[in-house]
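Me: I have a protein model open and I would like to learn how to read it. Can we go through it feature by feature?

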Amino acid sequence: MARSNRSIPEINAGSMADIAFLLLIFFLVTTTMDVDTGISRKLPVLDEEQEIEDMQGNDRNIYEVYVNNKDALLVEEEEMNIDNLREGAKKFLNNNGRDPKLSDNPEKAIISLQNSRGTSYEMYISVQNELTAAYNELRDEAALKKYNSNYSVLPKDKKKEIRKMYPMKISEAEPFKQ
Amino acid sequence: MSKFKKNTNKKLAPISTASLPDIVFMLLFFFMVTTVMRETEMLVENILPQATEVKKLERKSLVSYIYIGAPKGKNRKGKYGTEAKLQLNDSYAKVADIQSFVIAERETRAEEEVPLLTTSIKADVNVKMGIVSDIKQELRKAQAYKINYSTRKDEK
């Protein structure tokens, strides 16, 4: 019966920190903090493929962007530097019928993007990026004018309204075989 | 005078390290929670292009990845050539395999989540658009319309 009086010896917790450090270092090394970011697009449904010309019947509402296999840019049958694409697209979209060569209004405007099979992915992404930027800037401007705040901080229904004013219509044609 | 001299003989009390494990554990839990282990081994070169107008991909569990790039490393280049190749999960694949890949991805998700599935295209900067267009065409056939061109954010 003498045994029951003995107290249980305390476990030494001195090495607890070491063990925790070991685990900590393991997770520190394996952690990847990167968040996936990218440009989102929606592909068109297969059997909806139609000629854009048929849909609109009007040449002025289509902004043709073509990238060839040497990564050169042809916009509305004229050569253009990628740095000017954003401004060009904005001008086209926000024309509202002023210039007879450019769009009637942003809702009707379509950007037609075509590339060749030899176009580099890097160039393609920068073109997509510039076009997206044009839309984003226009939406931001509209949001500022209407609600006095940036597009990204607006509530959902107001965002939808702005999006309706500037719907993103980027149509991609089959690439040229080169 | 004596008021100030009192303390001089006393030893400096050691800093208690009893709370050290707690601090370390706190850090440990933080990293444990934020860690995402890399599931796939990269078989292709993958330097993503840069863009400014990027959106965050939310809900990583609903994203399937397609990697495109030249085979990585000298050995693989000798074996498979330097042409851009496609990687699905842990192995090289052909463009024609995409449809079955998408179907397989769908089957692992709950039914109500299927329309939210996004395909993230992670293509190397040196890839030509030919293969990317082929992949987009296959994705349309598989009715996976939501895509995302993965990019790095441009530092400005």
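This is a predicted model: local features need pLDDT of at least 70, side-chain atom pairs count only at pLDDT 80 or more; totals for chains, interfaces and linings use all residues.

Me: Which residue stands opposite Tyr63(A) in β5(A)?

Reply: Look across to Ile111(A), which faces Tyr63(A) from β5(A).

Me: How many bridges pair β2(A) with strand β3 (residues 73–75) of chain A, and in which sense?

Reply: Three bridges, in the antiparallel sense. Here Val65(A) has Val75(A) of β3(A) opposite.

Me: How do I get an overview of chain A?

Reply: List the elements, then read their order. Chain A has five helices and six strands. From the N terminus, the order is α-β-α-β-β-β-α-β-α-α-β.

Me: What percentage of the 178 residues in chain A is buried?

Reply: The buried share is 24%. To count as buried, a residue needs 20 or more other C-beta atoms within 10 Å of its own. Next, see how far apart in sequence the contacts reach. Take the contacts in chain A with a separation of 6 or more: 64% of them are between residues 24 or more positions apart.

Me: Now chain B. How many helices and strands does chain B have?

Reply: Five helices and seven strands. Along the sequence, the pattern of chain B is α-α-β-β-β-α-β-β-α-β-α-β. Of the 156 residues in chain B, 25% are buried. Among contacts in chain B between residues at least 6 apart in sequence, those joining residues at least 24 apart make up 76%.

Me: How do I describe two helices that pack together?

Reply: Two numbers do it: the angle between the axes of the packed helices and the distance between those axes.

Me: Is the crossing of α4(B) and α5(B) left-handed or right-handed?

Reply: The crossing of α4(B) and α5(B) is right-handed. Now look at who meets whom. From α4(B) come Ile98(B), Gln99(B) and Val102(B); from α5(B) come Ile135(B), Glu138(B), Leu139(B) and Lys141(B). By class, this contact of α4(B) with α5(B) has four nonpolar residues, one polar and two charged.

Me: Where is Gln143(B)?

Reply: Gln143(B) is in the loop between α5 and β7 of chain B. Its phi is positive as well, near 60°, and Gln143(B) is not a glycine. Gln143(B) has 15 other C-beta atoms within 10 Å, so it is partly exposed.

Me: Is Glu112(B) buried or exposed?

Reply: Exposed, because Glu112(B) has 7 C-beta neighbours inside 10 Å. A residue with 12 or fewer counts as exposed. Glu112(B) lies in the loop between α4 and β6 of chain B. Glu112(B) and Pro71(B) are 41 residues apart along the chain, and 36 Å separates their C-alpha atoms.

Me: How do I read the place where the two chains touch?

Reply: Count residues on each side, then ask which elements supply them. Chain B brings 44 residues to the contact and chain A brings 37 residues. On the side of chain B, the elements that each supply at least two residues are α2 (20–34), β2 (55–56), β6 (118–123), α5 (129–141) and β7 (146–153). With nine residues, α2(B) gives the most. By class, this side of chain B has 23 nonpolar, ten polar and eleven charged residues.

Me: Which strand of chain A pairs with β7(B)?

Reply: Strand β1 (residues 37–42) of chain A pairs with β7(B), antiparallel, over six bridges. For one of the partners, go to Ser40(A): its bridge partner in β7(B) is Asn148(B).

Key:
Residues are numbered from 1 along each chain as its sequence is written. Chains are lettered from A and ligands numbered from 1 in the order in which they are written. Two residues are in contact if their C-beta atoms, placed from the backbone, lie within 7 Å. Helices (H or I, at least four residues) and strands (E, at least two) are DSSP runs, numbered from the N terminus. Ala, Val, Leu, Ile, Met, Phe, Trp, Tyr, Cys and Pro count as nonpolar, Asp, Glu, Lys and Arg as charged, and the others, Gly among them, as polar. Two strands pair if DSSP finds at least two bridges between them. A crossing is left-handed if the near helix is turned anticlockwise from the far one by less than a right angle, and right-handed if clockwise.
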